[in-house]
Amino acid sequence: FLVYEGEFDVRQRGASRATLRPGDFCGEISLLRNTPATADVVAKQAGRCLKLAKDSFLRLVSQDFLTGLVIETTAETRVGERHAA
């Protein structure tokens, strides 16, 4: 998902971990690793997100080097933070 409008709270085990704003994304870990979600994302206010299907997402990250690099780096950082918490 890509946040288009609004703010969204990222929660793990009930604790707030981050706030997503326009331009931020979530759900990449599940798509890259073919695993269940690692966090819950809840709207803090009315908002809109853009949803990319798994096949389209994987095509994007494999064909656009810079986008793929940003998404993979972000996913690795998030997984590392999750294990440190």
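These legends walk through several close-up views of one predicted model. Local features are taken where pLDDT is at least 70, side-chain atom pairs count only at pLDDT 80 or more, and totals for chains, interfaces and linings use all residues. Residues are numbered from 1 along each chain as its sequence is written, and side-chain values use heavy atoms, with hydrogens and water left out.

**View 1. An open sheet is formed by three strands.** The strands lie in the order S3-S2-S4, and their pairing is antiparallel. Two strands pair if DSSP finds at least two bridges between them. Strands (E, at least two residues) and helices (H or I, at least four) are DSSP runs, numbered from the N terminus. S3 and S4 (40–43) are the edge strands, as each pairs on one side only. Neighbouring strands are turned by 30° against each other on average, direction ignored; the axes are lines fitted to C-alpha atoms, for helices over the stretch in contact, and angles run from 0 to 180 degrees between N-to-C directions.

**View 2. S2 and S3 make a hairpin.** Follow the two antiparallel strands and you will find five bridges joining them. Asp 9 has Thr 19 in S3 as its bridge partner, while Arg 11 is partnered by Ser 16 in S3. Two residues sit between the strands. Arg 13, in this loop, has a phi near 50°, a positive value in a residue other than glycine. Arg 13 counts as exposed at 77% relative accessibility (exposed means over 50% relative accessible area, buried under 20%, and partly exposed in between, with a 1.4 Å probe and protein chains only).

**View 3. Asn 34 also has a positive phi, near 55°.** Look for Asn 34 in the loop between H1 and S4. Asn 34 is exposed, with a relative accessible area of 59%.

**View 4. The largest pocket has a volume of about 430 Å³.** Of its 19 lining residues, Val 10, Cys 26, Thr 38, Ala 39 and Arg 78 are the closest to the centre. The elements giving two or more residues to this lining are S2 (8–12), S3 (15–20), H1 (28–33) and H3 (65–84). A pocket is an open set of points on a 1 Å grid over the protein atoms alone, where a 1.4 Å probe fits, with protein on both sides within 12 Å along at least five of seven lines; lining residues have an atom within 4 Å of a point. The volume is the space filled by probe spheres set on the points, which are joined across faces, edges and corners. The lining of the largest pocket has ten nonpolar, four polar and five charged residues (Ala, Val, Leu, Ile, Met, Phe, Trp, Tyr, Cys and Pro count as nonpolar, Asp, Glu, Lys and Arg as charged, and the others, Gly among them, as polar).

**View 5. The second largest pocket has a volume of about 330 Å³.** Of the 15 residues lining it, Phe 1, Leu 2, Phe 25, Leu 52 and Phe 57 are the closest to its centre. H1, H2 (54–63) and H3 each give two or more residues. This lining holds ten nonpolar, three polar and two charged residues.

**View 6. Cys 26 and Cys 49 are not joined by a disulfide.** The search of the whole structure finds zero disulfides, a disulfide being a pair of cysteine sulfur atoms within 2.5 Å. The sulfur of Cys 49 is 6.3 Å from that of Cys 26, its closest cysteine sulfur, so the two are too far apart for a bond. Cys 26 is buried at 14% relative accessible area, whereas Cys 49 is partly exposed at 34%.
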